[in-house]
Amino acid sequence: MSESGAANRGEAPKAGADKPRLDRQRILEAGVDFVEEFGVRQLTMRRLGGELGVEAMSLYRYVPSRESLLDGIVETVVDELYRDPEVEVEPDHGWQDYLLRLAHGLRRLALRRPQVFPLVATRPTEAPWVRPPLRSLRWVESFLGALTSSGFSDRAAVDAYRAFSSFLLGHLLLEVSSMGADVGPVEEAEPRPPRPTDLSDYPVLQRVQELLSEDRSEQEFEEALDQLLDRLEAMRN
């Protein structure tokens, strides 16, 4: 992204003989690059249009609002996991190998996109029980399917999903924060109603949705704290 696109100038679209061709994916990828260079608080439709050489109104055909743009940026970054050659969607070499690959893939993604990762951590998800950073229905289905096909009960797989998400989210937010990422909240323009969730393509999610919807926050906190104390005790000996 060029110096001429500096966010604080809010300049008019760049001159050129031909208007650049737009599509939703190009806009979202430009949004990812913009946030990485200037930060999410500087992102406006006008500034992004300036980077793309068009008026802001040209973007609304593909992205109807800034909130939709932020959601699309998150989806674009999370989808990068599918292009990571080290990450697998099936436990072909066992569930532990699957989790190790997925965890390292998410860490690589966070370190590659440190300014966008806080958005991955904080944007509203497709369903209230979907947890960042593994926040797409496809990835949650993959995770739960990998564990239940490896001998985990539905309850154990859901508990593992929660523990895995909490561990990664806390660790990776600290790591990107140390790299200078802005991890403070980005307020939405207005509250949004919950979006309907179509689970017709996700059989495991359909089966365990009730388990996922349970509020077990206090129990998870106490269990994680007990495990930490046990580890510290082992270090003392």
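**Exercise 1. In which helix is the place of leucine 102, and is leucine 102 buried or exposed?**

A word on the ground rules: this is a predicted model, where local features need pLDDT of at least 70, side-chain atom pairs count only at pLDDT 80 or more, and totals for chains, interfaces and linings use all residues. Residues are numbered from 1 along each chain as its sequence is written, and side-chain values use heavy atoms, with hydrogens and water left out.

*Step 1.* Leucine 102 sits in helix H4, residues 95–112 (helices are DSSP runs of H or I, at least four residues, numbered from the N terminus).

*Step 2.* With a relative accessible area of 0%, leucine 102 is buried (under 20%; exposed is over 50%, partly exposed in between, 1.4 Å probe, protein chains only).

*Step 3.* Leaving aside neighbours within four places in sequence, its contacts (heavy atoms within 4.5 Å) include Trp139 and Phe143. From leucine 102 to phenylalanine 143 the C-alpha distance is 9.1 Å, across 41 residues of sequence.

**Exercise 2. Which residues have the most contacts inside the largest nonpolar core?**

*Step 1.* A nonpolar core joins buried Ala, Val, Leu, Ile, Met, Phe, Trp, Tyr and Cys residues through side-chain atoms within 4.5 Å.

*Step 2.* The largest one has 61 residues, and Leu48, Leu69, Leu102, Phe143, Leu144 and Leu205 have the most contacts inside it. Among the helices that each supply at least two residues of this core are H4 and helix H6 (137–148).

*Step 3.* Now try leucine 48: beyond neighbours within four places in sequence, its contacts include Phe34, Leu59 and Leu69.
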